[in-house]
Amino acid sequence: MGAIRVDGLQKSYGSVEAVAGMEFTVERGELYGFLGPNGAGKTTTIRTLTGQVRPDAGTVRVLETDPATEPLETRRKVGILPEQGSPPSFLTPREYLEFVGEVRDLSADRVADQTAAWAERLGFESKLETLHTDLSRGQQQKVMITQAFIHEPDVVFIDEPLANLDPLVQEQVKRFLVSYAAGDNAVFVSTHNIDVAEEICTRVGIVADGQLVTERSLDDGADEGEGSLLELFLERVEAEETRDTPTLEHLGS
Amino acid sequence: MTGSVTSDRTDAGGGLSTRRLLAVLFREEWRMHTQLFGGWRFALFPLVIAALAVSGTVALLETGTAQGTIVGGLHALAVAFGLYSGTAGFAGSDMLENVFGRLSLLLSSSQTLPLSRRRLLGVFLLKDALFYGVAFVLPMALSSAALTGLSAATPVAVGLFWLSLCLVFAAGMATTVGLIAIRTRGVPPWAIGLAVGLAVVGIWATGSLGAVQSVLVPGRGSAITAGGLAIGTIVVATVSLAVYDPTYGRPSRTATDRFAWLSGALPFENAPLVTKSLLDLARSSGGVWKPFVSASILLALVAALVGVVDSITGIAPAPGIFFGGVLGLSAFTTYNWLTQFDSLEAYLAYPVSIADVFRAKRIAFIFVGAPTVAVPYLAAVIWFEATLLDAVVGAILLAGYALYYYGLTVYIAGFDPNEFLFDAVRFATFTVGVAVALVPTLVAGFVVVPPSIELAAALSVGGVVMGVIGVVLSSRAGPRWERRYRRE
């Protein structure tokens with residue numbers, strides 16, 4: 001049984017078909033990259049896998065829970081780093097992580113230990129008492145990364161993990177994600193950054209127009225004769241992009 | 001952009017002309033509201049305002065209310081609405097960035113484009129004044145037709161009444177913007193609050209209330225007074241924009257850990273969610289005083305209205321029943337403050353249900369709302385010398401109606417109480433819901449003074465029933481909005 005199993009997933013918003021028959025499986029130990037252009041259905045897929053929206057059709061299993069019918073059980077087991085960043089909040093990072101810990105039924109000691117460890121790892125110790133709303137976007141992202149991992153979940157969903165982070169912290173986060181997945185966990189990363197996906201993911205799925213158009217394994221043993229991930233991405237997505245995106249000539253005219 | 005880009009540029013090289021900037025801001029405002037509520041629901045909103053204003057005026061006239069009282073009340077509403085609309089001047093503060101920033105791309109474009117933030121704010125506020133002047137104040141002015149009766153002169157009368165209302169609306173806006181501009185120069189909020197409080201006390205103590213009332217109803221005063229108010233408003237607005245410091249940035253704030261202590265002290269299953277709401281409210285601009293100030297403004301407006309009615313007709317209502325019924329309306333503003341810096345979607349990243357979030361908001365509402373209405377209510381019943389029976393009945397009405405208005409707001413508006421103010425269908429539903437409870441109560445409060453035992457018993461039962469309805473509505477709001485959010 002995979003950590004994440006998606007079969008025939010469909011989700012529409014009015015007349016817009018955001019996800020149209022998505023199918024894939026992610027196993028424990030995998031760092032799965034979910035690549036696609038804007039509007040391809042990546043965020044809707046994550047929202048469906050975490051029980052935030054109900055699918056129109058298809059079956060989804062995450063750690064043997066059904067996010068459609070038992071969303072709280074799913075969210076209890078997984079970690080989520082949403083795309084839109086954190087909402088404005090007047091809690092400090094320490095208080096916010098205490099809030100997350102209480103909501104997730106973690107002991108105060110464990111939250112304190114995790115907070116200290118993550119603050120040191122990502123370098124926000126000096127900001128633990130600053131109001132969240134007064135933090136820079138990068139600092140807010142560090143706090144949000146911490147909340148996604150604070151309960152050491154077996155599966156983590158991450159939408160753009162490196163957004164707003166400086167290069168040094170990006171390297172730390174990339175290394176951490178690789179090691180976390182290697183520890184028999186599944187990390188599901190949605191990103192536009194193909195270089196990052198190629199660098200850290202064990203497997204990627206390329207999505208366009210709400211469907212998974214191809215997958216590629218990026219393990220060391222993968223076929224080196226294949227083209228780069230960027231070439232594959234462009235090849236599979238370019239036709240859709242060319243149709244939807246105006247060219248410079250179009251803009252000029 | 002069209003091919004007329006060149007003609008849109010100012011000679012001074014300042015980019016878009018003010019006229020063009022105004023047009024673009026208007027377009028964004030229209031699209032924002034039609035996107036949020038659907039085109040016709042927003043387009044119908046002025047009609048709802050007009051219907052309410054005209055029907056309310058007719059009802060008041062039929063019940064013997066003096067024309068002067070109605071005119072004064074409409075101007076008081078216009079001033080209050082202007083004071084509220086001026087809060088758009090909070091550019092750069094957490095309030096504006098959080099409330100408007102995500103919706104108004106243009107307002108934040110001064111950060112990325114060569115547009116002066118001061119100029120952009122000025123045009124933004126001008127747009128607001130014109131937009132609300134037409135979409136909201138003009139429908140209010142139609143009540144003039146009900147006051148004077150239909151005749152060939154009605155259009156002129158409505159037009160003049162509109163100008164009068166617009167003038168005080170703009171004065172209200174300019175006042176708020178002026179206070180915000182002072183704030184951007186580093187004057188602490190408490191000092192501004194103190195100055196405003198002293199000014200109000202000074203007006204009252206020197207017996208100048210009548211003079212202020214005459215200034216704030218320009219249509220009834222002399223042309224010189226109206227002209228003075230217009231010039232004063234322009235001067236205040238211009239000076240405010242000059243004083244406004246667009247580079248003002250609040251220093252980074254820190255806080256000691258209160259979360260664990262407070263959450264541990266609250267004996268509720270959803271204590272962390274309640275605690276987050278309370279701390280967010282306490283630490284945002286204005287702190288826990290915001291709901292109290294909102295309730296106090298409501299109290300002051302109603303008290304002034306009672307005074308005017310008393311002085312004209314010689315009829316004073318039973319203060320307990322009257323203020324108990326009206327002050328319950330502050331449930332809307334209190335809930336609005338509790339959700340101002342929150343996002344329901346954000347909670348979906350945690351293992352909590354939307355129903356849990358709404359339950360926590362209800363607990364937070366009771367914590368904040370109870371003292372918020374209790375203090376002004378006590379002040380009112382003491383000041384207006386309510387009888388014991390009247391005060392007790394009013395307290396029951398206050399508690400029951402506050403819960404009812406809260407439940408009504410949450411059920412209709414979910415987590416976005418501010419937005420439904422511009423949705424014709426939801427606003428009309430809310431208004432009818434409020435009127436069902438409030439109108440009979442106010443009538444009873446005016447007709448039987450002091451209240452008889454029978455009336456007191458009937459109103460008390462009514463208050464309890466409405467409170468129960470409110471609890472039921474707020475309990476059902478969670479599942480209702482959970483279905484909606486997960487479906488969308």
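## Two helices in contact

In this predicted model, the residues of helix H3 of chain A that meet helix H5 of chain A are Pro93(A), Tyr96(A), Leu97(A) and Val100(A), and their partners in H5(A) are Val143(A), Met144(A), Thr146(A) and Gln147(A). Sorted by class, the contact of H3(A) with H5(A) has 6 nonpolar and 2 polar residues, while no charged residues take part in it.

## How the helices cross

Helix H3 of chain A covers residues 93-103 and helix H5 of chain A covers residues 137-149, and their axes, which come within 10 Å, cross at roughly 25°. Because angles under 35 degrees count as roughly parallel, H3(A) is described as roughly parallel to H5(A). The crossing of these two helices, H3(A) and H5(A), is right-handed.

## Where chain B meets chain A

Between the two chains, 36 residues of chain B are in contact with 35 residues of chain A. The area buried between chain B and chain A comes to about 3200 Å², and carbon and sulfur atoms give 55% of this buried area. On the side of chain B, the residues that lose the most area to chain A are Tyr350(B), Pro351(B) and Arg486(B), which together make up 25% of what that side buries.

## Salt bridges between the chains

The count of salt bridges between chain B and chain A is 2. The side chains of Arg253(B) and Asp134(A) meet in a salt bridge, with a distance of 2.9 Å from N to O.

How values were computed. Residues numbered from 1 in each chain as written. Chains lettered and ligands numbered in written order. Predicted model: local features only at pLDDT ≥ 70, side-chain atom pairs only at ≥ 80, totals over all residues. Heavy atoms only, no water. Axes fitted to C-alpha atoms, helices over the stretch in contact; angles between N-to-C directions. Helix = DSSP H or I, 4+ residues; strand = E, 2+ residues; numbered from the N terminus. Parallel < 35°, antiparallel > 145°, perpendicular 65-115°, else oblique. Left-handed = near helix turned anticlockwise from the far one by under 90°. Contact = heavy atoms within 4.5 Å. Nonpolar A, V, L, I, M, F, W, Y, C, P; charged D, E, K, R; others polar. Buried area = accessible area lost by both parts, 1.4 Å probe. Salt bridge = Lys/Arg side-chain N within 4 Å of Asp/Glu carboxyl O.
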